[in-house]
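Open the structure in your viewer and keep the selection tool at hand. The stops below say what to select next and what is there.

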Amino acid sequence: MKQATKFIHAGAHPDPSTGAIMTPIYQTSTYVQEAPGVNKGFEYARSQNPTRKALEEAFAVIENGKFGLAFSSGVAATDAVIKLLSPGDEVICANDMYGGTYRLFTKVFEKYGIKFIYVDTTNADNIKKALSPNTKLVWIETPTNPLMNITDIAAVAAITKAAKILLAVDNTFASPYLQNPLDMGADLVMHSATKYLGGHSDVIQGCLMMNDADLREKLYFIQKSCGAVPGPMDCFLVLRGIKTLHVRMKQHCENGRIIAHWLQKHPKVSKVYWPGFEEHPNHAIAKKQMRDFGGMLSFELKDNSEAEARRVLSSTHLFSLAESLGGVESLINHPASMTHASIPREERIKNGLSDSLIRLSIGIEDADDLINDLNKAIG
Ligand SMILES: *Cc1c(COP(=O)(O)O)cnc(C)c1O
């Protein structure tokens with residue numbers, strides 16, 4: 001089945017009691033049993049909910065996986081993966097990950113004796129060099145947030161397979177429309193469904209997709225034991241969002257391409273970070289593993305001061321100044337003081353994330369209007 005058909009039909013079955021074409025929002029905490037233990041597979045809504053079940057089936061289908069699990073946020077999904085580990089275990093991860101992932105690793109899990117080793121994963125050899133007998137998991141994100149660095153998923157999967165350890169990929173930026181890490185050998189895919197999957201800036205949610213039944217059982221156990229499950233209304237919203245993912249992504253990519261090229265020619269812009277440019281350091285890998293280059297990009301101004309960046313950030317009208325990404329409306333963001341404020345400045349600068357960097361989540365409005373807005377703001 002082709003992608004567009006999958007996105008629309010994934011997890012969709014007419015409701016057995018009424019034939020409703022849309023999965024109902026089963027707003028219930030518990031289910032009546034005929035006799036103790038005699039039930040229809042639903043006992044208590046932290047463990048099972050029909051709306052969530054339909055969504056989890058959809059999650060599996062859209063990433064070409066066998067299983068999907070829904071969580072109350074993207075970080076809750078990441079949290080569940082790290083809870084597979086024990087004190088003394090080591091995780092190798094990217095040195096420019098999403099700030100909230102970095103915070104979860106360093107501020108929450110380090111104190112439980114799990115060790116996180118940060119390397120530049122854009123060169124897969126760095127992962128190989130960092131392996132130790134205690135390494136249990138490699139966590140990568142590609143493209144990264146906000147510098148749009150690209151890691152070769154298949155090359156990393158070859159390393160983790162040889163070492164018999166898990167590879168998890170945060171696929172939030174690409175979305176399943178652009179890239180399917182399970183097909184490239186990853187064991188786990190994680191999404192912040194808050195972003196492109198939901199797509200309308202109206203829900204917080206996360207998910208995990210996988211092929212291995214044992215891994216699914218372990219993660220389901222964590223999901224129900226720790227309880228970070230999404231409510232049925234949120235599941236409904238993400239199910240609905242997925243139906244238009246391909247249509248939205250096509251437009252995100254097209255607008256992204258137009259704006260990246262326009263910014264690159266702008267006399268006041270010094271650098272544009274977008275994996276579609278041939279001069280992007282890992283353009284060839286992006287081309288190999290992604291179907292297009294997405295609607296996320298970052299840029300720096302020739303006047304490299306934070307003050308000038310702040311002026312531009314508060315001068316747009318169509319681009320709203322806000323954290324998050326992947327919605328139909330365009331957003332502008334200052335990673336240094338917003339999404340990445342939880343990373344120490346020294347660490348940030350070392351990884352190339354300057355004080356003046358501006359990140360755009362290009363929406364699906366008319367590209368001419370977006371360019372006009374940016375042009376007035378940059379001046
Ligand atoms: C937003 C985001 C997360 C965290 O997801 P939440 O839904 O906000 O908890 C993780 N990774 C990336 C790349 C993100 O953009």
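Select Ile114 to begin; Ile114 sits in the loop that runs between H4 and E3. Helices (H or I, at least four residues) and strands (E, at least two) are DSSP runs, numbered from the N terminus. This is a predicted model, in which local features need pLDDT of at least 70, side-chain atom pairs count only at pLDDT 80 or more, and totals for chains, interfaces and linings use all residues. Residues are numbered from 1 along each chain as its sequence is written, and side-chain values use heavy atoms, with hydrogens and water left out.

Is Ile114 buried or exposed? Ile114 is buried, because its relative accessible area is 6%. Buried means under 20% relative accessible area, exposed over 50%, and partly exposed in between (1.4 Å probe, protein chains only). Now show what touches Ile114: leaving aside neighbours within four places in sequence, its contacts are Ile82, Leu85, Ser86, Asp89, Val91 and Phe109. Contact means heavy atoms within 4.5 Å.

**Helix H4**

Select residues 99–109, which form helix H4. Eight of these 11 residues are buried, so the helix is largely enclosed by the rest of the structure. The buried residues are Gly99, Gly100, Thr101, Tyr102, Leu104, Phe105, Thr106 and Phe109. Colour the elements that cover them, which include H3, strand E2 (90–94), E3, E4 and helix H13 (345–350).

**Thr121**

Move on to Thr121, in the loop between strand E3 (115–119) and helix H5 (125–130). Thr121 counts as buried because its relative accessibility is 3%. Beyond its neighbours within four places in sequence, Thr121 is in contact with Cys93, Ala94, Ile127, Ile140 and Thr151.

**Two cis bonds**

Next, select Pro143, in the loop between strand E4 (135–141) and H6. The peptide bond from Thr142 to Pro143 is cis, with omega near -5°. Then select Pro146, which is also found in the loop between E4 and H6. Asn145 and Pro146 are joined by a cis peptide bond, with omega about 5°. Most residues other than glycine have a negative phi, and most peptide bonds are trans.

**Ile153 and helix H6**

Select Ile153, in helix H6 (residues 153–163). With 0% relative accessibility, Ile153 counts as buried. Which residues touch Ile153, leaving aside its neighbours within four places in sequence? They are Ile140, Thr142, Leu167, Val169, Gln179, Pro181, Met184 and Gln289.

**Two positive phi values**

Select Lys164, in the loop between H6 and strand E5 (166–170). Lys164 is not a glycine, yet its phi is positive, at about 55°. Lys164 is exposed, because its relative accessible area is 77%.

Jump to Ser324, in the loop between strand E10 (320–321) and strand E11 (331–333). Ser324, a residue other than glycine, has a positive phi near 85°. Ser324 is partly exposed, with a relative accessible area of 26%.

**The ligand**

- A polar backbone atom of Gly74 is 2.9 Å from an oxygen atom of the ligand.
- A polar side-chain atom of Asp170 is 2.7 Å from a nitrogen atom of the ligand.
- An N or O atom in the side chain of Thr194 is 2.7 Å from an oxygen atom of the ligand.

Taken alone, the ligand exposes 380 Å², and the protein buries 94% of that. These accessible areas come from the Shrake-Rupley method with a 1.4 Å probe.

Definitions and conventions: Polar contact = N/O pair within 3.5 Å; in protein donor to acceptor, adjacent residues only side chain to side chain.
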